[in-house]
2 protein chains.
Amino acid sequence: MLDSIKRLVVGRPLRSDRLGEQALSKRIALPIFASDPLSSVAYATQEILLVLTLGGLAYLFLAPWIGLAVVALLAVVVISYRQVVRAYPSGGGSYEVASRNLGQSAGLVVAAALLVDYVMTVAVSVAAGVDNIISAFPGLNPHRVAINLGFVVVLAAMNLRGVRESGRTFAVPTYLFVVGVLAMITVGLGELVLGTPPVAESAGWAVSPEAGHVGLTGLALALLALRAFSSGCTALTGVEAISNVVPAFRPPRAENAARTMTAMGLLSIVMFAGITALALVAHVRYTADTCDLVGFPGNCETDAQRTVIAQLAAAVFGGTDSFMFFFIQAATALILILAANTAFNGFPLLSSILAEHRFLPRQLHNRGDRLAYSNGIVLLALVAGGLIYVYAGSVTRLIQLYILGVFTAFTLAQAGMVRHWNRLLSTETDRAVRRRHHRSRIINAVGAVFTGLVLAVVLATKFTQGAYLVVIAVPVLFALMRGIRRYYDRVARELAPDPAGMVLPARIHAVVLVSRLHKPALRALAYAQATRPDTLTALTVGITPDEVRTLQVEWNRLAVPVRLTIVDSPYRDIAGPVLDYLSELQHEHPGDLVVVYIPEYVAGHWWENLLHNQSALRLKTRLLFRRQVMVTNVPWQLESAHSDRDRPLTPVGG
Amino acid sequence: MLDSIKRLVVGRPLRSDRLGEQALSKRIALPIFASDPLSSVAYATQEILLVLTLGGLAYLFLAPWIGLAVVALLAVVVISYRQVVRAYPSGGGSYEVASRNLGQSAGLVVAAALLVDYVMTVAVSVAAGVDNIISAFPGLNPHRVAINLGFVVVLAAMNLRGVRESGRTFAVPTYLFVVGVLAMITVGLGELVLGTPPVAESAGWAVSPEAGHVGLTGLALALLALRAFSSGCTALTGVEAISNVVPAFRPPRAENAARTMTAMGLLSIVMFAGITALALVAHVRYTADTCDLVGFPGNCETDAQRTVIAQLAAAVFGGTDSFMFFFIQAATALILILAANTAFNGFPLLSSILAEHRFLPRQLHNRGDRLAYSNGIVLLALVAGGLIYVYAGSVTRLIQLYILGVFTAFTLAQAGMVRHWNRLLSTETDRAVRRRHHRSRIINAVGAVFTGLVLAVVLATKFTQGAYLVVIAVPVLFALMRGIRRYYDRVARELAPDPAGMVLPARIHAVVLVSRLHKPALRALAYAQATRPDTLTALTVGITPDEVRTLQVEWNRLAVPVRLTIVDSPYRDIAGPVLDYLSELQHEHPGDLVVVYIPEYVAGHWWENLLHNQSALRLKTRLLFRRQVMVTNVPWQLESAHSDRDRPLTPVGG
């Protein structure tokens, strides 16, 4: 049953040798891995406007300058990461760069930051996608959280089916989004040139006087600008995604990845700049609390504001019932939800690499039936779903946790790259190559300084708004991974084989547990006898005198050629007396091996097990903790178990 | 941890040989086993009034006659059951009488009816007890269900601690209740004689005209009387309890039990008759729907009517703030809740007898740490708690399911007793003894006829009000017990030992599963080698070529003297290829025995298991279904598991 549900969701298992086939062309890789950075333009402008509006509508004059700063930063980071992709094509991305150049600890910090970030990508992107769906269909607002969680489940299921199929499914919406947004920008700016600029539905709203602080100067103004800038930096989230998944590209992997990154960077810049410009032209208002807006038409407790992109689409294409409005909203919602897919590709891959390096449980390194890292996918879905649930699917609240991890990883990776070039320069002699390395070092140094500055800004301006949770989560994850590695190392040392190889035990004592003298007990005795142990004992635990007497009578009647030993159990416990008997045996014969034979019924139906005592199970668990003791199960298959129970579990289509 | 919680709730385990000490004196047995029949007087009168009021206040004139009929029936049943106790002192009670004299099927019907009844006893008594608590503290009404469930849990916990301690705890309230009710009756009737009869708070209320049907005659009147009579028969519930627990009495068991029964019967009759008389004197009104009462002071949706006994106590002792009102309410609530304890004694004992006869799972026959039948206690608490939850703790709704089972058991047991005396009479020749037997037969025949008639009346008048659920449940339980018996019989036949005794397998093939060449694997190989099998194979499942290569290199380096066999697993599955290999091996060597050795880690902390693959577990489960295959676990205790993990599980105080 469970198995067929799994088959339905996941599909037929794939052979390991089909792994190579899963590599992606640039045309498919761009929509898959760039859906995150491309889609973040859907909320970056909105977050800038939101912060500036907190200061007062007058401060919207800062928006173009903040937009420019974000675009510049985006260009720096994309150029820096092109170098990462080329220098480290194995897919470790920022993690690998930091580990190799700055040491294991820096690498782990990056890894922890990235893991947190992947989770946030899923949460924020899905939440923003649902926000855009609700912009088109406001009646869905009460079901926000359920819709969010539904999408997380669907994404997890699609990814469990394997990368390539996801790729095809996810390519179309990304392209639709890019085309739609570029069309909107072109038409909107065209209208401006023609003298009929688009006007947003919120253009007339005024922030109520209480909410606006006018007359900020100096430090306060700078702080407002910096906060708006930190929020705008959400446009950079996911830029590094491609550097983490280089092995998923078709060869030449590094070159293809670098080109895809350039394309992604250019598209991001054009779209972000265009949307920001259009938002200023159309006088879009966006504020955290809709109740502060004079003229806002709805009930501020239940109605949601339309997203900035929704307001623009409506303004440019003539209202919220035009075809293009729905087209843009559909494409935006789709790309945002599919942006979460970037994380569903990146998180399992990164955690599998960390598991391979023994920083995370090794199960995260197992490929599932469809060659995807299933455990990582399920883990990501659970954590992201939990965050969405706790934050009730609010983009504005979730986004506070987001950018910190991104910039931690950016900064450390770029710093690592500077070290990388330093190392190469220290051995390189060819002048032309040295010149190239020098230039690369400058690029990464600029990247490191800028992203480091942004990191400081983000930390300072977002700390109290929720980012402190990330400041806690990253060190905790770091310590956890360190602990796991230490555990695995300790176990590996403990299990390292002796040069002596196999050491045979001196003698073997077989102990067969008997409760009644039925066929399973006789079979266990026969099997134990057949292994020719040095001593063979049949052991029974006497609970009531009647049972013991019946057993002895039967024993004599069948003339069983093994001595029956009876241990009393005044407390009606099975395991205790058996363990006591074994302790004594082991004490008398130190160094010898004891084999405990346990006859067991196997019933065909689970409910039949309700009709048999389960005391054997408890005993077996406790015997596992005994040294020099082996436990042998001698199963007796009841007639109902004779059908071939293992057939449905065998992989289909093998 | 779990273990210490269990110790706290249940107490230290008791030795089996302390079983005899748990026997009860009459003074303790009366309150324990008679709390059910004695407490049912607390609601029997109320249920009679409720039905008559449905017809209209005019029909209350029927109440004395119905009360008399119930008293007569009570006397007949008590006298009949005294014979059962004497004739069958082993504690099977009605079940044993019916099985021995009317055959297995009749016995099982009785058993099913009694099991259902015990569940209802818990549900109805606890619900009625809580009703009386709420009569004293109406503010607790919204928490009715939670309070009910809390009491069920407490009762289960007390019974898990063992019979004798429960006895001491439960003796006092029963006596307080008896003294309190007798005092109330005496004072109330005294007031009547002195010319100042008590007047209930509800005496002035009038049933609203819509609800009253006046002018019933003939059949309709008879039907009303019969319905009221069926409801009044709740006074008889639990009368048979003592016959089911004779072995819990001190010797001479049968005689002591019979005397306790007489005392119980006399007390019940006096109290029931007294309360009914007092209720008529004080003009108590009680109706199913308080909204039908003109003059009822509360809000009929949230406020609960006071119980009849609460109204009487208030009327007799001068209001709801007198000490005696609270005393009577406390004693009533306590005895009702402790009446449920009768079922907590009876149900586990009956189900243990049924389990011994293989009609129920054998776990119900195991005595727990405190010599109580723990599994039966837990099962009863779960089912009764479920019923209370479903019926929201409403006594009037629960009581409809109650009396049917009681009278089924009564009728079949008395009919069985008639057969019993017939059998004895057929061989007896002594005239004096024959006369005694004749007289006994008449008593039981009268009992059978009367209870049979009541059964018919109850079935006819309560069927549509919920009793149909019992009409379904009893046959289902009957069929289930039949099925369980058939299953055990089939297994017993299947497992009966061959006269040939032990048959040694021809040859033994040892297969050691190896994933990496670490100490546990080497130990498993050494142990397998030490059992001197006919063939020894080291088997590994190749998932990635790298892993296989590493293993082979290590194998050669350590010069392991066993051949390494590699099976490929294109779908990355462990169990499938191993099972296929074994199939082939078994096909080549039919009749031989295969022993599969599985090296296993044992971690000391549960969370450490998260860091190890659990694929061995899945494989072991599937190997259990293979015939002629033994599975041997070779555990390797990691250092964290070296502390003596089994010590806390060993019984304390041994």
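1. Let me start with a question: which residues in helix 6 of chain B meet helix 13 of chain B, and which residues of helix 13 do they meet? On the helix 6 side they are B:Tyr118, B:Val119, B:Met120, B:Val122, B:Ala123 and B:Val126. Their partners in helix 13 of chain B are B:Leu380, B:Val383, B:Ala384, B:Leu387 and B:Ile388. Sorted by class, this contact has 11 nonpolar residues, with no polar and no charged ones. Please keep in mind throughout that the model is predicted.

2. The geometry of that pair comes next. Helix 6 of chain B spans residues 104-136 and helix 13 of chain B spans residues 374-390; they pack at an angle of about 50°, and their axes are 9 Å apart. The angle makes helix 6 of chain B oblique to helix 13 of chain B. Their crossing is right-handed.

3. Helix 16 (residues 403-427) of chain A packs with helix 17 (residues 431-462) of chain A at an angle of about 155°, with 8 Å between their axes. These two helices of chain A are therefore roughly antiparallel to each other, and the crossing of helix 16 and helix 17 of chain A is left-handed. By class, the contact between helix 16 and helix 17 of chain A has 16 nonpolar, 11 polar and 3 charged residues.

4. If you check backbone torsions, two non-glycine residues deserve a mention. A:Arg358 has a positive phi of about 65° although it is not a glycine. It is placed in the loop between helix 13 (323-356) and helix 14 (374-390) of chain A, and its relative accessibility of 31% makes A:Arg358 partly exposed. In chain B, B:Gln628 has a positive phi of about 60°, again without being a glycine. B:Gln628 sits in the loop between helix 21 (615-623) and strand 7 (629-637) of chain B; with a relative accessible area of 26%, B:Gln628 is partly exposed.

5. A cis peptide bond joins A:Pro251 and A:Pro252, with omega about -5°. A:Pro252 is in the loop between helix 10 (241-244) and helix 11 (253-281) of chain A. In chain B, B:Pro251 and B:Pro252 are joined by a cis peptide bond, where omega is about -5°. B:Pro252 lies in the loop between helix 9 (218-232) and helix 10 (253-281) of chain B.

6. Finally, some totals for chain A. Its secondary structure comes to 22 helices and 7 strands. Of the 654 residues in chain A, 57% are buried. Among contacts in chain A with a separation of 6 or more, 82% involve residues 24 or more positions apart. Chain A exposes about 26800 Å², and carbon and sulfur atoms supply 63% of that area.

Conventions: Residues numbered from 1 in each chain as written. Chains lettered and ligands numbered in written order. Predicted model: local features only at pLDDT ≥ 70, side-chain atom pairs only at ≥ 80, totals over all residues. Heavy atoms only, no water. Axes fitted to C-alpha atoms, helices over the stretch in contact; angles between N-to-C directions. Helix = DSSP H or I, 4+ residues; strand = E, 2+ residues; numbered from the N terminus. Parallel < 35°, antiparallel > 145°, perpendicular 65-115°, else oblique. Left-handed = near helix turned anticlockwise from the far one by under 90°. Contact = heavy atoms within 4.5 Å. Nonpolar A, V, L, I, M, F, W, Y, C, P; charged D, E, K, R; others polar. Buried < 20%, exposed > 50% of the residue type's maximum accessible area, 1.4 Å probe, protein only. Areas by Shrake-Rupley, 256 points an atom, 1.4 Å probe, with all protein chains shown as cover.
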